[in-house]
Every structure is written in C-alpha cells, then in structure tokens.
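Below are my notes on the model, as numbered points.

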Amino acid sequence: MGESGDVIMQQSKFSESRTPHPAIRTIIYNSPPSNPPYSLQPQPLSSTLITSSYSHSTATMSTQQGASGQTNGNAKAGQFRSYEDDRNAPSQETLYTTSNGVPMPHPYETQRAGANGPLLLQDFHLIDLISHFDRERIPERVVHAKGSGAHGTFKCTKPLDDLCLADVFSKTGKECPVTVRFSTVGGESGSHDCARDPRGFSVKFRTEEGNWDMVANNTPVFFLRDPAKFPHFIHTQKRDPATHLSGSDDSTMFWDYLSQNPESIHQVMILMGDRGIPDGYRFMHGYAGHTMKLVNKAGGWVYAQMHMKSRQGTKFITQEESANKSPDHSQKDLFYAIEKGDYPSWTVEFQTMTAKEAEELWEKQGINVFDLTHVWPHKQFPLREVGVFELNENAKNYFAEIEQVAFNPAHMPPGIEPSADPVLQSRLFSYPDAHRHRVGVNYQQLPVNSSRTSYRIGNFQRDGNMAFYNQGSRPNYLSSIEPISFRERTVDLDKVHGQFINEAVTFLSEIHPEDFNAPRALWEKVFDEKAKARFISNVSGHMSTCRKEEIIKRQIAIFREVSEDLASRLEKATGVKGYDGIKNMRFNGTHNGFSKDPKVRNANGMTSKVSFSGHSHNGAPIKGTHKAESIDNAGTSGTRVNGGAPNGANGH
C-alpha cells in the first residue's frame with residue numbers, strides 16, 4: 001500500500017510540473033495574415049485565449065471563470081476554448097454541466113413522474129448522459145487494435161541533405177515533435193500484450209513541412225508480398241467464424257494460411273523465434289519493411305529502408321514466461337518508465353541503394369527491393385544514422401491521444417516518396433480509408449493528428465462529420481477573388497516516378513528458391529542451439545491445436561526447404577511426418593516456381609489464361625527497369641555511411 005501510494009503521489013507531482021508537449025498542442029487563429037494572400041512566404045500567426053503552456057496565471061483565470069460563470073460567457077461568440085487549455089485543466093477548475101454547457105447541481109439526479117413513477121423524456125441531463133455513453137466506443141482497429149503510445153521529440157544528429165531534401169533531415173540539431181504508437185497486430189483491443197505476434201511501431205513526425213507518418217513493425221519483413229492477400233491473412237489471425245475461438249485454442253486457420261503461402265516462411269521464422277514476444281515496447285527495434293525513395297535537392301533519388309534501433313537494447317520473453325505477465329505488461333512498462341523520467345529512445349537509420357544497385361541485387365542475388373518478405377544485406381548496404389527520437393511524455397488522455405491517433409504511410413513531406421512496392425502502394429490507400437471509417441472524414445482535425453507548420457494551412461476540403469476547422473468564410477474553390485497561395489514545386493515527380501511505362505498485367509507472385517535464403521540464414525547463422533530448441537517448442541506447441549494433420553505435413557515441407565535439420569526436429573516434436581519438399585505441392589496462394597508441371601505450378605490449379613506476369617522476377621526491378629537518367633543521376637558513392645556500422649546476418 002505504501003509503495004502504491006508513493007507511485008500515485010509521484011505521478012501527480014510529475015504531471016503537474018510538465019509542460020504540454022508540442023505533439024498535442026493546437027492553435028486557434030483570429031488574426032489575418034500580415035502578407036497579401038498571393039505571397040509565397042509563410043504567414044505569421046497569432047493565437048487567442050491560450051498560451052503555449054499551462055501556467056499558474058492560467059489556472060487562476062480558469063478557476064475564476066468556473067466559479068463565476070461570467071468571463072467565458074461574455075467573450076465574443078467567435079472565440080473558442082482551446083484543446084490545450086481543456087487538456088491541462090484539473091477537475092477542481094471545472095464546473096459540472098451538460099454537453100451544451102448548462103450547469104447541473106448533481107450528476108446522479110433524474111426527473112420522475114412522482115417519487116415512484118416513470119422517468120420523464122424531458123430530462124435532457126439523463127438523456128444527454130446515457131445517449132453519449134451508448135456511443136462511447138468507436139470501432140476498434142481491424143489490425144493493431146491493442147496498443148500503447150506516448151509523445152516525444154526527434155532530433156537530427158547527422159544530416160541526410162546529400163540524399164534527401166526533407167527539412168527534418170536538413171541540419172544537425174533540427175527537431176520536431178513526434179507521437180509514437182506501439183501495438184500487437186492480430187489481437188483484439190482487450191488481448192494480451194505478451195501474445196506471440198508481430199508488433200506495430202508507428203511514428204508521427206510533425207515536421208515543418210507537414211506530417212510524416214512512418215508505419216512500421218518490429219520485424220523487417222511480413223507474411224506476404226501480394227497486397228490482395230492482406231485481408232485474407234488477417235482473417236486467419238482472428239476468431240474462427242464457427243467456433244468463435246481465437247488462435248490460442250484453435251490454430252487451424254493460422255497454419256492453413258501459412259502452409260498455402262510459403263513466402264510467409266521468413267516472417268514465421270522470426271515470429272516463432274525469440275523476437276516473437278518482445279519484453280515490452282521499449283526493448284524492440286522498428287523497421288519500415290517497405291522500400292521508399294529519398295529525393296535530394298538536385299532531383300536525384302535513391303531507394304531507402306528505414307530502421308529504428310532501440311537505444312535500450314532488445315529483450316524477449318519466452319512462451320513460458322509470457323503466462324506470468326500482466327495482460328497490459330507492455331503498456332505498464334512504457335507508461336511508468338516515462339512517468340519516472342526513464343525516457344526510451346531510438347536511433348533512426350537508413351539503408352540506401354541506387355536504382356542500378358537495385359537491378360543488380362535481383363540479377364545477382366535474387367533479392368527484390370519491392371518484396372516485403374525480403375531484406376537488404378547490411379554488409380552491402382550498411383545503416384546510416386540520421387537522428388534520434390525520445391519519448392518523454394505520456395498521454396494525459398489515452399483515448400484522445402492514442403486511440404484516436406491515426407497514421408498514414410501516404411503522409412510524406414517533400415523529399416520522401418513511395419516506391420513501387422505493391423503492398424506499400426495498397427497501404428497508401430487502405431490506411432486513410434480505415435481512418436475515415438473508424439474516426440471520421442475529418443480525423444486530421446483532431447489535435448493529435450493535426451500538423452504543426454509555420455504557415456496557415458488552406459485547401460478545398462469542407463464539411464463532413466465533425467468539421468471543426470472548416471476554414472471560415474474562405475472560398476471552397478480555386479478563387480480569383482480571394483486567391484490561395486502556392487509554393488513552388490520542390491520535387492520533380494515526373495523524374496522520380498517516371499520509369500513506369502507498361503501495359504496492365506494480372507499479377508500473383510511465385511515462390512522461388514531465393515525466398516528461403518534469408519530464413520535459412522536465420523536458422524543456421526543467427527539462432528544458437530538454445531534458440532533453435534525454443535523455436536521448435538514454440539512451433540510444435542502452437543501446432544498442437546491445429547485440427548488438420550494435412551496442414552502440418554504441408555508446413556513441415558515448407559520448413560524442410562529452409563533446413564532438413566529444422567524439419568526433422570519438428571517431425572519429432574509433433575509426431576507428424578511432413579512431405580519431402582514443396583516441388584510437388586500445389587498452393588492456393590502462390591505459383592510454385594519449384595515445379596514445371598502446370599497442374600502443380602499454377603496457383604489454385606488455374607489452367608485458363610494463367611499469368612505469371614512474365615515473369616519469374618516477381619516484379620523486381622530487373623535490368624532496364626529504370627531510365628538512364630535514374631541510373632546516372634542518383635548515387636550514394638561516398639555518402640552511404642556516416643558512422644553506421646554493418647551488422648547482422650543477411651539483413652537481420
């Protein structure tokens with residue numbers, strides 16, 4: 001009791017002394033720009049009603065307003081309370097009211113027709129209370145439903161201006177506020193923090209040129225490389241439609257999908273290994289997984305992969321240890337570490353390669369930079385440090401600042417562009433589409449999602465549910481009477497994305513021998529003997545609830561392509577003899593490049609007008625993919641590394 005009391009007292013003292021973080025500040029404007037509307041220069045701003053931090057004088061004013069009920073009532077109708085003021089005001093400085101601001105004497109009172117009669121419909125207080133309560137829950141995320149998060153600051157430590165014109169990487173010491181959300185992937189909002197599951201790792205960088213959202217995981221790869229598979233895969237991670245059991249009690253759907261889509265093997269090796277259950281969010285790395293493009297001021301570009309390396313190191317929990325952890329282990333660990341001032345931080349690093357190197361990487365090593373199941377070897381493409389972000393403030397309200405925070409991989413400031421990675425391309429649409437459904441079309445008007453730019457934002461998006469900042473009386477079209485300002489283009493999109501001249505094709509990827517190279521390196525070069533034993537125990541234990549032996553036979557055959565030693569150990573642990581390999585197996589999710597027999601090779605037994613997209617390269621940038629100017633003008637020679645050291649086996 002004494003320890004708990006001490007913790008509570010420390011929390012209270014800590015919270016009162018903190019200045020609100022820029023990540024959740026908002027500004028209310030009422031003054032016109034000082035420059036003409038056609039100026040291309042950032043407009044100076046002024047704010048009303050609020051200061052940039054909560055102070056004693058503000059507290060005194062708010063108390064007086066709450067007690068008298070006069071000050072705010074006498075203010076101009078066009079003035080509004082700020083989000084920041086509301087976020088930081090303690091209960092003692094508020095007055096109990098209905099949602100429309102009418103004071104009420106007590107929250108438990110109801111109006112009845114006599115002391116023992118029915119309730120009255122006119123009792124707005126009760127109806128206001130109950131009707132809002134009925135609508136408190138917004139739809140949980142279909143993926144990444146269970147999560148934690150916090151606010152912090154990114155600081156550039158080693159500029160990337162030779163490769164990228166993004167302002168946030170322009171000079172040493174450049175800072176911007178960030179909000180980070182960690183999560184499990186497949187579980188529901190009430191699921192266990194220590195489930196064996198990939199972890200989401202998303203960062204919202206509020207740069208001076210708009211928000212940049214890095215949507216990442218704690219693994220460098222994922223289960224798929226064909227975007228249309230994603231809904232199917234996620235469905236297999238949820239509850240069975242008939243039994244309504246999760247994968248903890250019935251793993252049939254889980255292994256059925258994996259045994260039909262062998263390109264998932266790389267992620268399966270990671271998931272079922274020690275990294276499958278990180279010991280809290282502070283002790284794991286983050287990986288973009290997808291390839292992006294960095295564009296410099298000269299218009300040249302390179303491919304890039306972003307890594308976020310934990311400065312706390314990495315820790316994992318065994319399957320047995322996970323049963324003894326709190327269901328909210330990761331949330332508790334993150335929250336109290338920040339609360340006591342033990343701020344976690346991550347180093348932001350990039351791997352980069354030229355267009356020519358990307359073509360050669362496929363031709364010589366069978367590594368596809370557009371493939372989410374492949375990794376870039378660190379020795380060939382070492383990590384280059386760019387900056388560090390630190391999380392130093394907890395959310396004051398979890399729902400407002402973490403549940404409602406929305407990340408979108410299409411949010412990229414000038415200097416950062418998407419590649420032709422097909423799963424990334426699909427996510428560019430699916431993420432904001434999910435937010436518009438889950439939170440609402442104006443989700444970016446919420447303070448936690450809004451940008452922090454020095455210029456006033458204007459566009460022609462209007463109305464919709466919860467349109468709070470609806471841009472006043474400004475024209476909702478491109479007006480010549482009241483013109484909006486524009487900034488000169490900083491990125492030549494024709495040049496950056498100009499190599500795609502093709503006819504439309506139907507596409508489904510094909511499994512190849514090179515898909516097993518990285519998983520084999522994990523088993524043979526990364527896992528020690530104890531890690532191998534834990535892996536076999538994890539897989540066989542999970543398979544014990546699979547209801548179909550055929551599925552296990554198929555999955556062991558896929559593991560056999562990784563290593564005969566791995567497959568033999570798994571056969572012994574499960575008591576199931578797997579198939580000899582995948583050469584004679586037909587998959588419903590991918591073409592089988594190990595076979596020449598059309599009845600086996602073609603996915604799902606397709607026989608009519610089957611398209612392999614040409615093409616055994618699975619959409620990799622083969623020789624001739626890029627225009628000569630892309631090959632000639634982009635380069636990393638002499639600038640790839642600025643202190644980053646090569647590490648890891650085959651990209652791990």
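1. Helix α14 covers residues 517-526, and its buried residues are Ala518, Pro519, Ala521, Leu522 and Trp523. Buried means under 20% relative accessible area, exposed over 50%, and partly exposed in between, with a 1.4 Å probe and protein chains only. Helices (H or I, at least four residues) and strands (E, at least two) are DSSP runs numbered from the N terminus. An α-helix has 3.6 residues a turn, so residues three or four places apart point the same way. The buried residues of α14 pack against α7 (265-271), α15 (529-543), α16 (549-562) and α17 (564-574).

2. On conventions: this is a predicted model, in which local features need pLDDT of at least 70 and side-chain atom pairs count only at pLDDT 80 or more, while totals for chains, interfaces and linings use all residues. Residues are numbered from 1 along each chain as its sequence is written, and side-chain values use heavy atoms, with hydrogens and water left out.

3. Overall, the chain has 19 helices and 12 strands. Of its 652 residues, 49% count as buried. Taking contacts (heavy atoms within 4.5 Å) between residues at least 6 apart in sequence, 75% join residues at least 24 apart.

4. The largest nonpolar core has 47 residues, of which Trp255, Met269, Phe535 and Phe559 touch the most other members. Such a core is a set of buried Ala, Val, Leu, Ile, Met, Phe, Trp, Tyr and Cys residues joined through side-chain atoms within 4.5 Å. At least two residues each come from α5 (230-236), α6 (252-260), α7, α14, α15, α16 and α17. The most come from α16, with 7 residues. Beyond its neighbours within four places in sequence, Phe535 contacts Val268, Met269, Met272, Gly273, Trp523, Phe527, Phe559 and Leu566. Another core lies apart from this one; it has 37 residues, among them Val168, Phe205, Met292 and Ala304.

5. There are 28 aromatic pairs in the structure. Rings of Phe, Tyr and Trp (its six-membered ring) pair if their centres lie within 6.5 Å; planes under 30 degrees apart count as stacked, over 60 as edge-to-face and the rest as tilted. Phe169 and Trp212 are edge-to-face, at 5.6 Å centre to centre and 90 degrees between the planes. Phe169 is in the loop between β1 (147-156) and β2 (175-184), Trp212 is in strand β4 (residues 210-217), and the two are 43 residues apart. Phe169 is buried at 1% relative accessible area, and Trp212 is buried at 1%.

6. Why is the pair of Phe182 and Tyr281 stacked? The ring centres are 5.2 Å apart and the planes of Phe182 and Tyr281 lie at 15 degrees, so the pair is stacked. Phe182 lies in strand β2 and Tyr281 in the loop between α7 and β5 (286-287), so the pair ties together parts 99 residues apart in sequence. Relative accessibility is 0% for Phe182 and 0% for Tyr281. One aromatic cluster includes Phe169, Phe182, Trp212 and Tyr281.

7. Where is Ser345 placed? Ser345 is in strand β8 (residues 345-353), and is buried at 9% relative accessible area. Its side chain makes a polar contact with the side chain of Arg311 at 3.0 Å. A polar contact is a pair of N or O atoms within 3.5 Å; within protein, one must be able to donate a hydrogen and the other to accept it, and residues adjacent in sequence count only if both atoms are side-chain atoms.
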